[in-house]
Structures are given as C-alpha cells and as structure tokens.
Protein chains: 4
Amino acid sequence: MAENLRVAVIGAGRMGADHIQRLHTRIHGADVAAVVDIDLERANAAVAHIPGAKAYASAAEAYESGDVNAVLIATPGFLHEVALLEALERDIPILCEKPLTPDAASAWKIVEAEQKLGHQRIQVGFMRRFDEGYRELGGMVRSGDLGELLMLHCRHRNPDTPAGFTNEMLINDSVVHEFDVIRYLTGEEITSVQVRLGKASSKAPSGQHDPQHVLIETTSGVLVDVEIFVNAQFGYQVLTEAAFEDGIVTIGGDSGPYVQRAGRWGGEVTPGFEARFGAAYDVEVQAWVDAALRGGIGGPSAWDGYATAACCEAGVEAQKSGEKVAVVLNEKPELYRAGAAAEAAK
Amino acid sequence: MAENLRVAVIGAGRMGADHIQRLHTRIHGADVAAVVDIDLERANAAVAHIPGAKAYASAAEAYESGDVNAVLIATPGFLHEVALLEALERDIPILCEKPLTPDAASAWKIVEAEQKLGHQRIQVGFMRRFDEGYRELGGMVRSGDLGELLMLHCRHRNPDTPAGFTNEMLINDSVVHEFDVIRYLTGEEITSVQVRLGKASSKAPSGQHDPQHVLIETTSGVLVDVEIFVNAQFGYQVLTEAAFEDGIVTIGGDSGPYVQRAGRWGGEVTPGFEARFGAAYDVEVQAWVDAALRGGIGGPSAWDGYATAACCEAGVEAQKSGEKVAVVLNEKPELYRAGAAAEAAK
Amino acid sequence: MAENLRVAVIGAGRMGADHIQRLHTRIHGADVAAVVDIDLERANAAVAHIPGAKAYASAAEAYESGDVNAVLIATPGFLHEVALLEALERDIPILCEKPLTPDAASAWKIVEAEQKLGHQRIQVGFMRRFDEGYRELGGMVRSGDLGELLMLHCRHRNPDTPAGFTNEMLINDSVVHEFDVIRYLTGEEITSVQVRLGKASSKAPSGQHDPQHVLIETTSGVLVDVEIFVNAQFGYQVLTEAAFEDGIVTIGGDSGPYVQRAGRWGGEVTPGFEARFGAAYDVEVQAWVDAALRGGIGGPSAWDGYATAACCEAGVEAQKSGEKVAVVLNEKPELYRAGAAAEAAK
Amino acid sequence: MAENLRVAVIGAGRMGADHIQRLHTRIHGADVAAVVDIDLERANAAVAHIPGAKAYASAAEAYESGDVNAVLIATPGFLHEVALLEALERDIPILCEKPLTPDAASAWKIVEAEQKLGHQRIQVGFMRRFDEGYRELGGMVRSGDLGELLMLHCRHRNPDTPAGFTNEMLINDSVVHEFDVIRYLTGEEITSVQVRLGKASSKAPSGQHDPQHVLIETTSGVLVDVEIFVNAQFGYQVLTEAAFEDGIVTIGGDSGPYVQRAGRWGGEVTPGFEARFGAAYDVEVQAWVDAALRGGIGGPSAWDGYATAACCEAGVEAQKSGEKVAVVLNEKPELYRAGAAAEAAK
C-alpha cells in the first residue's frame, strides 16, 4: 500500500496546532512526523499525544532526522521566506500558510527559487478556494450559465481584533483573502485598489480606522468592493455577492439551526474563521496530501502568493493616499501557466 | 358621487375599537355612524374623535336614529345570535366577527333566517382569507400547477393566553381559524377531527392542556395536522405548509428586517395577530364595504360560519374522548352554492 | 363629519392611473374630483367609472370648476414646474410625484415660491419613506440602539428598461430614490458623489452603460455605495444593508410563499416597483390626505425635492468625469427646518 | 505509530462502494484491506485502484487472509444476521449499515450474541446522529435551555423511489431513521406508532400509498408526527422541527448558494441523501475507526438496532390496521446501559 506523507509542521501556535490536530486525526495518507518550534516546550507539548512524532527546535534538525518528507509552514509570515527556501532546497512538498511572504519582492524571490527546481512544490494556504460556497460560485462563473460576471460585493467582518492589529493588517491579514478570492473567481489579475475611509466605529482601537471600503478592479473591468470591518461586534461573517448579467448569487449567508425564542427568529452567527472555514481547511490539507503523494500541488501556487502580495502593497499604499493605486506584476513565468493553474483551480 | 356606508359598530372592546379606527381612517366608502356598547361610557369614548358618529347603549337605538345603513358586530360571540337576527330583520349589510355563533345549532338558525330574506347579507370575519399568503396558497391549489394538494401542516402559536382561556377555547377561538382556512384552501368540507394530548408545557395555566395536536380530514382525504400551542412564549406564529404532488409550499414564515447582532442573525417574531393580520383586516373590511355598496357580501358566508361551528363542536368532543369524531352537516342550502361562494372565494 | 379632499389628478399615464385607482377605492377622506390630461380622451377614460369626477384638458379648467381643493401631480417631470407654480398660486395641498423638478435651479424656484406662501403645501412623492422596511431601519438609526450608522450598501435592480432610458436617467430616475433614502435614513445631507463604470452587461441597450457603482458620502462621513443595475434580467430588487457599530441590518430581502419544486427552493422575485412599493404608495397618499385635511404636509418637502435634484446633477457630472463631485446646496430656509421636517420624518 | 485499522468491507453495492471510497481517501487511521462480494467481479473492480486491498467472494476467506481486523457490513439487510454472527465470533470491531437486522426477533439474537462477548463490538450505521444539525438539536434538548421538548414534526421526502419500493419499505427503510432520531433526541424509547393514509399522490407507483402520516409517542409523552413522502418529485428533504416550552427549533432547512434568476429567488434542493448526509457518513466512520482503535464503539449500539427494529414492526402493523400499535421491548441488558450509551450519544 502507498506510503503515508511524513509531515513536519513548522510553528506550533494557533494555526500550527490546528493543522497538527487535523493531520493526526482526520487526514488520510499523512502523519505528523515532526513539530518544529523555536519554543521547544511548545513543540514537545504538541507531539505528546502523537505516537511517532518528534519535537525539534529547528527545521534543519527535523529534516536531518530522515523521518520527514513534506512540510507544512505555519509560522508568522515574516519567517516564511527562510523556511520556504530551506524546504525548496530539499525539494519536498510544501504547504505554506498565507501569506507566501509579507511583500512582493520577497515573494518574487520564492517564485524564482521554485522556478529553478523546474516543478511546483509550493501550495499556499488560501483555504477559501476549498470552501464549498466559493467552489460553487467559481463553477457558476466558469460555466457562463448566468452570463458574464460584472460585479462582486464582499463583506469581511470580524467581531474584534487582537491588540496591535494595525491598519496595514486590515489589508495584509484580512483583505488578502478577498484578493485571492477575486483572482480565483474571475480567473483574472487585479489591476487597481482604492480605499475609502469614512465614519469610523468607536469600537475600533486607537490608531485603527475601521471599517474601510476597498474598491478593486480586475483586468476585464469587474468592479469589486469590500467592506472590511474588523470590530463589527456581532460576530464573524465572510460573504460574497456576485452580480452576473442574468442573475445574482450570494454565498456565505448565515445558516445553522433556525430558532424562534424570546421574540426573535434566526440562529447563531458563526463566531470565527475556524467554524466558518474548518471544513475548507480539511479539504485543503487533504488536497495537498493527495497531490503531494502524486508529486504535485493541489491548490494556489507561489505565483498566487506573489500576486496577492503585490495587491496588498497597493492596498496599503491606497489606504494612505486615498487614491486609486495600480497593481503592477512581473510577467507570469511559464511554470505557473497551464497545468498547475488547472490543478489549483479544481 | 356614491353614498358612503354609514356603519354601526356593535361592541367597543378590543376588536370593535380596532374596526372603528379602521373604518374612520383607512377604509374608503364607509364612515362610522354609530358605536353601540352596553357600557355607554366606552361607546362615548370611542366616538369622541369621530365627527358625525354617535354613541348608543343598544343597537335598536342606533337603527332608530335613521343614520345607519350597515352593521359590524364585534361583541363577544355569545351575543352574536341576537344582534344578527336584529340586523337581518332590517335587511342591512352585516359584517360579523367570528364566530358566527358559538355552536352549530344557533348558527343554523341564522342560516335559516338569512334564507328567508332570499339573499346573503352576512359576511363572517374570517380575516385569514384576505391575508396575502393564504390567498396565494389558495390560488396555487386552484390552479393545479403543483398537482393535487395532499397534506397540510399548520402551526398556530401564541406567546400566552389571557386568564380563563380554557381547553375548549383552544378549539373555539384558535383552531376555528384553521378550520376555516382548511375549508377555504381545499374548497372541501371537513369530515373528522381527532385530538392528541401529549406532554404538556409547564407554562400552561392550570386546567389547560397545551400544546395539542389536532388531526383533521377533508372530503377527498386531505390529511391535516395542527399544532395548537397557546403558551409558546417566544411570540406569535401562524404558518401553513402544504404538500402537493409536485412540490411543497409554506406561507406565514418569519419576515421583516434581517439583523445580525450579539452573535445572532435573524429578526423579530410577530408579537400578535394585529401585526400578523392587520393588513388582512383592512382588506377584509374594504371588501365588505365594496360588496355592501353593491348589495352583496365580499367574503365568508353564514354557511361558512355554520360549518366551522360544527367543526368546533366535533373538536371539543374529540379533545375529551381522544377518538376521531365525525363532523356532520345539514345539507347546504341553495342560497350558499354558486354565486355567493364564488364571491367569497375571491 | 369632515369634508373629503376633492383631488384633481394631473396626468393620467401609468402613475396617474395608479393614483386615481388608489384615491377612488382605497384612500379614506379623499375623492377624485378631476382628472387632467392634455390627451382629453385619456382623461375621459380615467373618470368613466368614477361618479362625480370630471375630465379636463388643463389644470386651469379643473380649478375653475370650483370642485377641486387639492392636486396630485403625476405628469412627466419636465412639466412639474408649471403645474407646481399654478397650484401654489391657489394655495392648495399638493402631492407631486418625484422628481420635484428635473434640476436644482428650477427646484430652487419652487422652494422660493413656497416660501412666499409662508407655509408648506408641497409633499414630494418619495414613497420609500412610507415603506415598512425603510421606516423600521430609520427607526433603528434614530434610536441609536445599534450604535452609530457607518455604511450603507444599496442595490437597485430592474429587470430591464424602456426604450430610450439613458445613462442620465439611471441617476435621475433610479438613483434619485437612493439619494432620498440616504438623506432620510441618516438625517444628513449628501456631500459628494462618484460613479464607477466597469464591465457592462451585454443586455444593456446601446448608449447605456449598465451596471454602475455609485459612491456617496454624507456630512458625518457615512459611506454609501449603490449598485444600480437596470437590465438585471432576473427581476426587481431594492435592498439596503446598513452597517452599524454593533450590528448589521438588511431590509428589502426577498419574501413571499416559500416553494420547493423541481429541484429548487425559494420564491418569486418581485416583478416591479408596483408590487414592491404598492403598500407604501397607499400609506404615502393616505398620509398626504390626512395631513392636507389638517392643513399641512405628511411627507418629504420641497426642500427634499431640491436637495435630491442637486445630488442628481452631481451624479450625472460624476458619471461623465469619473471623479468625485461635491454636492453644493443653498442654505436651508427656515420654513423647512423644524416642524415640517419632524412631520416628514414620521 | 499506531497501527491502522485493516477493514473488510462486505458488500460492494452503492453503500459499500461509497464506504470503500471514504475509507480509502478521507478516513484517518483505517485502510481498506478487503472487499467481499458474492459477485467477485464487482469486488475486484472495487479494489482495482486500492493498493494493498484484495477481493474475496466470502467474508470467511477475507478473515482467513489474516490481513483483516475490522469489518464494515454494507450488504442488503436480510444478509446482516449471518455476517454479524460471523464477525462477533471473531470479536472484531463491526460497523453495520442500518438496519441491524430486518426484524426484532433476529435483532434480539444479535443482542444476545454480543452480550456473550461481554463487551460491545457492534456500531449500527444510523448516520443522522453524526449530522451537525441533529447533534446541535440533541444538545439543545439535553441542555434544557429551551425548557422541555414537547413535540417533533418530521419531514422525510424523497424525489421518487426505485422500482419495487413497497409500503413496508416506507417504514423499514425510511421512517426507521426517524425512529432512531426520535430515540436519540429524546433519550427515550418509543411507546406507540399510528399511521394515517389519506389522499395518495398519483405519482406513487401501483401498490404504494404515498404520502403517509406517521404518529409516534415516547415514554414521557412527546408527540411526534412524520410526513413520509417518497415520491415528492421536487427533491430530497429531511427536516425536523422541535417545539420546546420556550421556543421552536428547526434543523435540515434548505441551504447553499442564494440565487436570484429568471423571476425566482432561492437555491438548489439537495438531490439525495449522499449530498445531505455525506459529511455525516464521514464523521460516523471516523468516529467508529477512532473508537475501534481504542477497543470500543463510537455510535448507536446493537440495542439501538433492536429497538428500532421493534418500532418498524409496529409501524408496518399500524399501516395495515390504521390503529395505534404499542411498541413492546425486552428489558434492556446491562451491557447497553451506562458507558456505551454515553459514548454513543456523544
């Protein structure tokens, strides 16, 4: 029978711990072989209940153990570049949590490094592509069943933000998912970003202007607007409404048990991204494992990571200037054109 | 131009006051000419703000004033028989709040008295027939668009009940509306009633078994069940789900502004029948006024009042016996067959 | 008893015919006394079934008949100015279908003429203020229950447009309602308008760019965006989503019977504004009649008509330039400040 | 690291093939070791793409291979008894698709055989207990948050039925799931079953009376009714509405992308049980694998299989007699009381 993937998870924080649990209890064809964390105690705690998994303080040690043949990078974004280059050197399957790297220049270095390998090894963790709703909406766009897609209205609402969540993080950590989704749904690149700052919520922490209204355009002129509202109090919501020539489609609406009590009808708002996208993470990681066992990737590529990094840079600039800022990309390398894109778009 | 209807409203309690306001401020072609209440002070208060309206302690006095040419009866049901006979004697248009009378025998007397007149004068206040939802559902049944109607599942829920609301009143005051709606929707008579008493709510007052499950059959075998739950706490709801051969239709679902707040999505439950059926009452009374000005009725007839009274009697018996009880009706008089029924079903 | 309002309806086209029917069959306290249309045959047809109503080819003739004490103007907008001045001269209650006049300069003339009277006589037909949904949303804004209002996302979708519907008409005939609603909901003036033109629908007629994305700001910085899409094919929809500090509220969602058939769940989209706002028109006209009988107005004032005309001018300019265009208003006259505004906002 | 479960799947028909795919691609900790089918060609086809899996014509051969340590029984129900006894003899973990066996007498034999082992080995495939909706509703019942549960209204609708689907199968193959869910939600046994046959759909095949209305009671008097409608044409739906003392909860409502097109709003009805309960099957099988690796079961027990078999017998009798039929059970053996029940209810 087929050999399971032996995965080293780098970073045992919130996302890392979540992926460790996923790989250990729900994903077929993969096992947690190693957990790497600069805080060795945290790594030890993470492997305590996993037979056959070992804790390390560095990725190098994990690789040297000889028991690892794939890597999942879940450290903070600024540490991704080094971890990616190290893994590319070993030419093993990589699932890298978003962002690929925090800026377009460093992301481009990764794209160049991967090109030297001559095949794709990096899958970026934009999990929304694996969410049932986005998949169905993407299918509707591609089928042409409702005519051309003309506009997208997006809502990205969080109940609140952790201390130190800056204006830039609104773009880099939250809107970045919308950039990816827009590119995924339209199959086009983003050409400009503009940001409107209006009346701010008194619930936003000092130094953060919240909500913001982000205006985006794609190659063919699809108009997108994003309400990014990260101190929305009521709960978590990620919703996309698509206006086609022949109809309107909305995904990400509220669901769950329908309750009538105390004068109210309705249900419970999703509390956070784990509840909203938990199933998507499972599908994402399973797709990566399946593709990795066949020698490829099963989702967004390093190019997608690079392109969204460029959008984020334009977004942050637009926040400051109030003007429409063009998104400029390097030419797309051959490696990212045909087959891999097809795989990623599945 | 056409003379307005000069209406005497008999009974200035909750329903009467509501109808006085309706006739005075929203209904075209009718004015409140008189308010009759055994409590003359209450009648006086009701006419205080209505120019041209006078208060009386008895219907006879109102009729003798010469300023009245139509009557709306809104007293408690046990007073209807006398008021109806008195109005029939004068051969004027009558809108009688439900029930026609509290039992089949007295209702039949009214049917006989109206037959002697040779034309229909009595319209019974089953306002649901004027509710947009029931009208649309009725239209779907008659169109045959979804095939034959096979089953109806009804919910009749009140937040709570006034003191002294007995088991019998669950049938006579609440389920009576379902009897009317079933007859309206199917265009058939009801042939049997059965009542299931299961686990009772601790919120029900002593002596009242709540909720109850009422099982009903019609001539062609349409199966109906009604959850009657009058201490449901959460709010008011009247809903009907219809299973057709080719589809399912539900009317009476929750509506209104959609709010996401404090971890919940949804809206406000209708607090009571005024909010739920206020528009239907307006349409009902306007239909009566329009028909009365043309010399006819514009809604459910005395026969409908009689038939539902017979259903209520069977329902109360079924509550006590736990058995299926047949509903037996006198033969339908000619007067109620063709034209009037057509009018009422509009 | 109170004398009914004797209304002359000017214009017997689609809107006029609708109002004639409304006044004749559903509104309490008013009668159609005259129908004025330059096409006398059309006027004659309109009064044929209305006892006591007469047809005229000009408003002057109607006024001279002595049987008219109020006027409802339902002609095309470019004819409003003359009709308004003529009615103001007679100092009678006026309900003027929107727009007040087609441009800010002529609207200001009306405002000045009304000021000379010293009291308000003109109510403008922005019927959305009488729609249950907008009323409830307005109430939520004013109550402060959900904190401050921060953003509004509006959808204005028509299935298609009549021949000759130009880009300017998208603003002047459609978005004009959004301008009014934004002013009504926020209680603020609009300070700027910007228009984004992206990918156009192939269903839009030649010369019309559809859909468009309109960006609006108010005095306090509330950010609004409107998707105006007048060839949306699927049906009619007017929806507003309001982001507050403590929650999100949406009004204008789909409703009606819930049907499951042929592999689909859902219901029927409202086909047009008559179905969507029919009840609002009834409430609007009843409010006007009630207020007129008391000597005042019961809805949006001439100032509201002027202010929205100024917004429309800015909107059309913004469509052409692609830039953000400021909305500049004359100082608000005393007449429109306190009491009348309170009345209109009810 | 932990040894994976080596599963023999008995029966390579629709359900078997589905489980083979599930075990092979999505379930962690288990592999398909063997596929057993009397039709060896079908078994061969099923293992063709699974490295390490072998095909057999009998369970005995699979067991003798020494490569199997668990069994999933997915043959038609009448073959379960033999397969269960054979597996119990080998004392290995068993996941048996519902029903346990087709009648109460044979189900009781299985219960007795398992008792001789002294520990539970059999988990029955009532997958609804693993559906998110039923889990949440079950949690609400147990929490007491909405007061006591009083009534359940259930809908079980299929678009159509395969040839030869009899009246008895309506109970044994469809309502059986409702019996299980009622027992799961209430934590009580079912005490009686009654069946109403009314107007039948013309879409039902000859010899089948469809729909039927099934009335059920539990120990504490919770009243349940089930609309079982297996030729409902429009699609598939399994819905439960629960009336509590303080509120109403509905699960299983329609969901998915919200589409407005061609005059309709709404979405697509689930086409069948695979789409509706696919995720529940995954959770169910993962729960079984996890529990089996720890030496227990992770879901409904043989006792649950026996009790529902008794309900089905009463249901079929009630269909024929039209009377209320009592459900009589043997005393519950010690083995099924404490710990296992807790596990199953998780």
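1. In this predicted model, the count of salt bridges between chain A and chain D is two. One salt bridge joins the side chains of Asp145(A) and Arg261(D), with a distance of 3.0 Å from N to O.

2. On the side of chain A that touches chain D, the elements giving two or more residues are α1 (14–25), β2 (30–36), α6 (132–143), β12 (247–251) and β13 (258–261) of chain A. The largest share, five residues, comes from β12(A).

3. The side of chain A that touches chain D may also be described by residue class. It has 14 nonpolar residues, together with eight polar and seven charged residues.

4. In total, 29 residues of chain A are in contact with 29 residues of chain D. Between them, the two chains bury about 2300 Å², and 52% of this area lies on carbon and sulfur atoms.

5. Strand pairing links the two chains. β12(A) pairs with strand β13 (residues 258–261) of chain D in the antiparallel sense, over four bridges. Which residue of β13(D) is the bridge partner of Gly247(A)? The partner is Arg261(D). Arg261(D) therefore has a part in the strand pairing and also in the salt bridge with Asp145(A), which meets the 4 Å limit.

Notes: Residues numbered from 1 in each chain as written. Chains lettered and ligands numbered in written order. Predicted model: local features only at pLDDT ≥ 70, side-chain atom pairs only at ≥ 80, totals over all residues. Heavy atoms only, no water. Contact = heavy atoms within 4.5 Å. Buried area = accessible area lost by both parts, 1.4 Å probe. Nonpolar A, V, L, I, M, F, W, Y, C, P; charged D, E, K, R; others polar. Pairing = 2+ DSSP bridges.
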